[in-house]
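Dear colleague,

I am passing on the structure below, together with notes on what was found in it. Please read the notes with the model open beside them.

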Amino acid sequence: MEPERVASRPIVDVRGLTIGWGDRVVTRDVTFHVDRGEVVAILGESGSGKTTLMRFIIGLEQPLEGVVDVAGRGHPDLEQGLPPFGVMFQSGALFGSMTVGDNVRLPLREWTDLPPDAITAIARGKLRTVDLEDAIDKLPAELSGGMVRRAAIARALALDPELVFLDEPSAGLDPRTEAEIDDLIVTLNRALGVTIVMITHELESVYRIADRCVVLDARSKSVLAVGDPRRMRDSGDPRIHAFFHPAPVSARERAPR
């Protein structure tokens, strides 16, 4: 008799998560999961707690209530060894006094015992993956906004994680560069098999690359919806419909003051 097959466990499993500090609750009762190989976007208007939620999931903060399991290892404890994920923080967060190459080498120096030549070879390979190998000796200040994001993604990939968190990878970029970042994320996901959890407010990017999304609501401090963003556009729930069909900014509101 063949052994019973066990369904693949989600790489991220969040159940009943309430986050905040003391009496201040940012978001309550958050429940969703991320399957291996997915691209999942965390959405929400400003103040809904998108970046804060990511910080709690990756173990930078401790939740008030609920359970987080990442890669079957429970709630991450960054003091207990190599994390099972990489992170691109908002705006790239590269160290300005370090070259691009040293930024990518940093996780390898911190978490491995590899010799310097091997570390440099790996860093160069990661930069090649994001089409930035020629910038290995440049400082972040010498890079464009899109190049900084790609360098930060290379650093997130340094330890070959199967899961990567990206915080606003294309925010503030021009449409062409935004599309290039989207294409890079698709390549990482489909060609390299990296699972992506992406925080963003760029709806066009979400429609292009996300399998599912989690929509946070600032007013109720809770999850508004979880599902396929392309289906959510046609939701009968007025709150969800309004999020996916924002009112255009009037000429008066756009005018400089």
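The largest pocket is lined by 19 residues, and Pro83, Val87, Phe89, Pro107 and Trp111 are those that lie nearest its centre. The elements giving two or more residues to this lining are strand 5 (86–88), helix 2 (100–111) and helix 4 (145–156), where helices (H or I, at least four residues) and strands (E, at least two) are DSSP runs numbered from the N terminus. Helix 2 gives the most to the lining, with 4 residues, and the volume of the pocket is about 490 Å³.

Before going further, please note that this is a predicted model, in which local features need pLDDT of at least 70 and side-chain atom pairs count only at pLDDT 80 or more, while totals for chains, interfaces and linings use all residues. Residues are numbered from 1 along each chain as its sequence is written, and side-chain values use heavy atoms, with hydrogens and water left out.

As for terms, a pocket is an open set of points, on a 1 Å grid over the protein atoms alone, where a 1.4 Å probe fits, with protein on both sides within 12 Å along at least five of seven lines, and lining residues have an atom within 4 Å of a point. Grid points are joined across faces, edges and corners, and a volume is the space filled by probe spheres set on the points.

By class, the lining of the largest pocket has 16 nonpolar, 1 polar and 2 charged residues (Ala, Val, Leu, Ile, Met, Phe, Trp, Tyr, Cys and Pro count as nonpolar, Asp, Glu, Lys and Arg as charged, and the others, Gly among them, as polar). The second largest pocket, with a volume of about 380 Å³, has a lining of 7 nonpolar, 3 polar and 6 charged residues. Of its 16 lining residues, Gly44, Glu45, Ala242, Phe243 and Pro246 lie nearest the centre, and strand 8 (212–217) and helix 8 (238–244) are the elements that give two or more residues to it.

Because 11 of its 12 residues are buried, helix 4 is largely enclosed by the rest of the structure (buried means under 20% relative accessible area, exposed over 50%, partly exposed in between, with a 1.4 Å probe and protein chains only). The cover over its buried residues includes strand 5, helix 2, helix 3 (116–129), strand 6 and helix 5, with contact meaning heavy atoms within 4.5 Å.

The largest nonpolar core has 47 residues, and those with the most contacts inside it are Leu43, Ile153, Ile196 and Phe244; its largest share, 7 residues, comes from helix 4. Such a core is a set of buried Ala, Val, Leu, Ile, Met, Phe, Trp, Tyr and Cys residues joined through side-chain atoms within 4.5 Å. Apart from this core lies another, of 27 residues, among them Val12, Val26, Phe56 and Ile57.

Two single residues complete the notes. Ser170, in the loop between strand 6 (163–167) and helix 5 (175–190), is buried, with a relative accessible area of 2%, and, neighbours within four places in sequence aside, is in contact with Arg149, Glu178, Ile181, Glu202 and Ser205. Val67, in strand 4 (residues 65–70), counts as partly exposed at 37% relative accessibility, and touches Asp13, Val14, Arg15 and Leu17, not counting residues up to four places away in sequence.

With best regards
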